[in-house]
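Please keep the sequence and the structure open while reading this note. The points below are numbered so that each can be checked in turn.

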Amino acid sequence: MPDAEDIIVADGNTLRDVLTEAIRESMLEHVPEAIREAQKAKWLHRDDVKKRYGLTDRQLQYLRDENKVTYSQRGRRIWYLRESVEEYFEKGRVDAKNSK
């Protein structure tokens, strides 16, 4: 049961202002990341993958040959599923140890 000093009684305007501020702060914290995620392309061109991850054509060929990443090919253009490439690199991640 809350103590008497923990109970706050506010009028409608004050309550609305407090809620509005809380919602605003939450949106400022979470919306930018949600927008960045929504704007990411689902498929990356071969050149984008090479540039972003510093890979060579041969390394990309290996990833395709070994079914390490999901890709699609139309003619000579090869597209990689962003989620698949990110997952591949995430699996190989080694976290730094905290030194104490």
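1. Start with Arg46 and Asp47, whose side chains meet in a salt bridge at 3.5 Å, N to O. The model is a predicted one, and this distance is computed from its coordinates. Arg46 is partly exposed, because its relative accessible area is 24%, which lies between the 20% and 50% cut-offs. Asp47 is partly exposed too, with a value of 39%.

2. For the count, 6 salt bridges are found.

3. How do the two partners stand, buried or exposed or in between? Arg82 has a relative accessibility of 10%, so it counts as buried, since buried means under 20%. Glu86, at 30%, is partly exposed.

4. Lys91 is exposed because its relative accessibility is 67%, and exposed means over 50%. Glu87 reaches 44% and counts as partly exposed.

5. Now the rings. A search of the whole structure finds 3 aromatic pairs. One of them is Tyr53 with Phe89: the ring centres are 4.5 Å apart and the planes meet at 5°, so the pair is stacked. This pair links distant parts of the chain, with Tyr53 in helix α2 (residues 46-53) and Phe89 in helix α4 (residues 82-91), 36 residues apart. Tyr53 is partly exposed at 24% relative accessible area, and Phe89 is partly exposed at 30%.

6. Which arrangement do the rings of Tyr88 and Phe89 take? Their centres are 5.3 Å apart and their planes are at 85°, so this pair is edge-to-face. The reasoning rests on the angle, because planes over 60 degrees apart count as edge-to-face and planes under 30 degrees apart as stacked. Tyr88 has a relative accessibility of 31% and counts as partly exposed. Taken as a group, Tyr53, Tyr88 and Phe89 are linked by ring pairs into a cluster.

7. The charged end of Arg64 sits over the ring of Tyr71, 5.8 Å from the ring centre.

8. On the surface, look for a nonpolar patch formed by Leu15, Leu19, Ile23, Met27, Val31 and Ile35. Together these residues have about 530 Å² of accessible area. Ile35, one of the members, is placed in helix α1. Its relative accessible area is 42%, so Ile35 is partly exposed.

9. Two loop residues deserve a look. Lys42 is in the loop between α1 and β1 (43-45), and at 58% relative accessibility it counts as exposed. Where does Lys42 stand in relation to Ser84? The two are 42 residues apart in sequence and 9.9 Å apart in space, taken from C-alpha to C-alpha.

10. Asn67 lies in the loop between α3 and β2 (71-74). Its phi is near 55°, a positive value in a residue other than glycine. Most residues other than glycine have a negative phi. Asn67 is exposed, with 64% relative accessible area.

11. Last, the confidence of the prediction. The mean pLDDT of the chain is 86, and 92% of its residues reach 70 or more. Among the elements, helix α3 (residues 57-65) has the highest mean pLDDT, 94, while helix α1 (residues 12-39) has the lowest, 85. Where pLDDT is low, the predicted coordinates should not be read in detail.

Definitions and conventions: Residues are numbered from 1 along each chain as its sequence is written. This is a predicted model: local features need pLDDT of at least 70, side-chain atom pairs count only at pLDDT 80 or more; totals for chains, interfaces and linings use all residues. Side-chain values use heavy atoms; hydrogens and water are left out. pLDDT is the predictor's confidence in each residue, from 0 to 100. Helices (H or I, at least four residues) and strands (E, at least two) are DSSP runs, numbered from the N terminus. Patches are made of residues with over 30% relative accessible area and no salt bridge: like charges are joined within 9 Å, nonpolar side chains (Val, Leu, Ile, Met, Phe, Trp, Tyr) within 5 Å. Accessible areas come from the Shrake-Rupley method with a 1.4 Å probe; for residues, only the protein chains shown count as cover. A salt bridge is a side-chain nitrogen of Lys or Arg within 4 Å of a carboxyl oxygen of Asp or Glu. Buried means under 20% relative accessible area, exposed over 50%, partly exposed in between (1.4 Å probe, protein chains only). Rings of Phe, Tyr and Trp (its six-membered ring) pair if their centres lie within 6.5 Å; planes under 30 degrees apart count as stacked, over 60 as edge-to-face and the rest as tilted. A charge sits over a ring if NZ of Lys or CZ of Arg is within 6 Å of the ring centre and within 35 degrees of the ring normal.
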